[in-house]
Amino acid sequence: MTHLSAPNASPSSAAAHVEALLASYPDFPQPNILFRDLNPVFADAVAFRAIIDDLADQHRGQFDAVAGIEARGFLLAAAVGYAANAAVLAVRKGGKLPGTVLIEEYDLEYGSARLELEVGQLSAGTRVLILDDVLATGGTIAATSRLIERAGYTLAGVGVVLELTDLHGRERLGTAPVHAIMSI
């Protein structure tokens, strides 16, 4: 069910929305993986607004730019960037960016991948907040953190909608402050 956006949805309501709307798919994309799907959460306007407000408010004043990780991280970064009047960076899967790029290879829960970031988009030292939908094993966010630092930016923190605590991804992120709207 789609709702009209509610003004000033409270941060505490973000977790309630995620809990109510989160879908789970066993054995996707391969056997023995339980895929947590946030698309139903994002498709609900009230829930999406609560998530964006929570992420923006949690880190307000601590960042100058947001980096969204392909693909659902793009949704979050664009909306939080708009809400906070901050620059937005796109961290893309390998082979999708032109020009000079930094590359990080990393392991996923169910394989391996490569991320890229275009160089020279922001001034050195710019404080960047990384946003993504799910923190699982931490490989994607750790690779993005390395890209941010290699580009000469300062990692301001990490924001995610859902953290899968049994996969211990937070441990791979070092001392970066991490905010998860909901942990399971």
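Reader: How many residues has the largest nonpolar core, and which have the most contacts inside it?
Author: The largest nonpolar core has 29 residues. Val18, Leu38, Ile51, Leu76 and Val80 have the most contacts inside it. A nonpolar core here is a set of buried Ala, Val, Leu, Ile, Met, Phe, Trp, Tyr and Cys residues joined through side-chain atoms within 4.5 Å. Buried means under 20% relative accessible area, exposed over 50%, and partly exposed in between, with a 1.4 Å probe and protein chains only.

Reader: Which helices and strands each supply at least two residues?
Author: Helices H1 (11–21), H2 (39–42), H3 (45–58) and H4 (72–84) do, and so do strands S7 (127–135), S8 (154–163) and S9 (178–183). H3 gives the largest share, six residues. Helices (H or I, at least four residues) and strands (E, at least two) are DSSP runs, numbered from the N terminus.

Reader: Before we go on, what's the source?
Author: This is a predicted model, where local features need pLDDT of at least 70 and side-chain atom pairs count only at pLDDT 80 or more, while totals for chains, interfaces and linings use all residues. Residues are numbered from 1 along each chain as its sequence is written, and side-chain values use heavy atoms, leaving out hydrogens and water.

Reader: Back to Leu38. Where is its place?
Author: Leu38 sits in the loop between strand S2 (34–37) and H2.

Reader: Buried or exposed?
Author: Leu38 counts as buried because its relative accessible area is 1%.

Reader: What does Leu38 touch, beyond residues up to four places away in sequence?
Author: Val18, Leu22, Asp133, Val134, Val161 and Leu162. Contact means heavy atoms within 4.5 Å.

Reader: New topic. How many aromatic pairs does a search of the whole structure find?
Author: Two. Rings of Phe, Tyr and Trp (its six-membered ring) pair if their centres lie within 6.5 Å; planes under 30 degrees apart are stacked, over 60 edge-to-face, the rest tilted. Phe28 and Phe35 are edge-to-face, at 5.3 Å centre to centre and 85 degrees between the planes.

Reader: How accessible is Phe28?
Author: Phe28 is partly exposed, at 46% relative accessibility. Phe35 is buried, at 18% relative accessible area.

Reader: What about Phe42 and Phe48?
Author: Phe42 and Phe48 form an edge-to-face pair: 5.8 Å centre to centre, 85 degrees between the planes. Phe42 is buried at 11% relative accessibility, while Phe48 is partly exposed at 22% relative accessible area.
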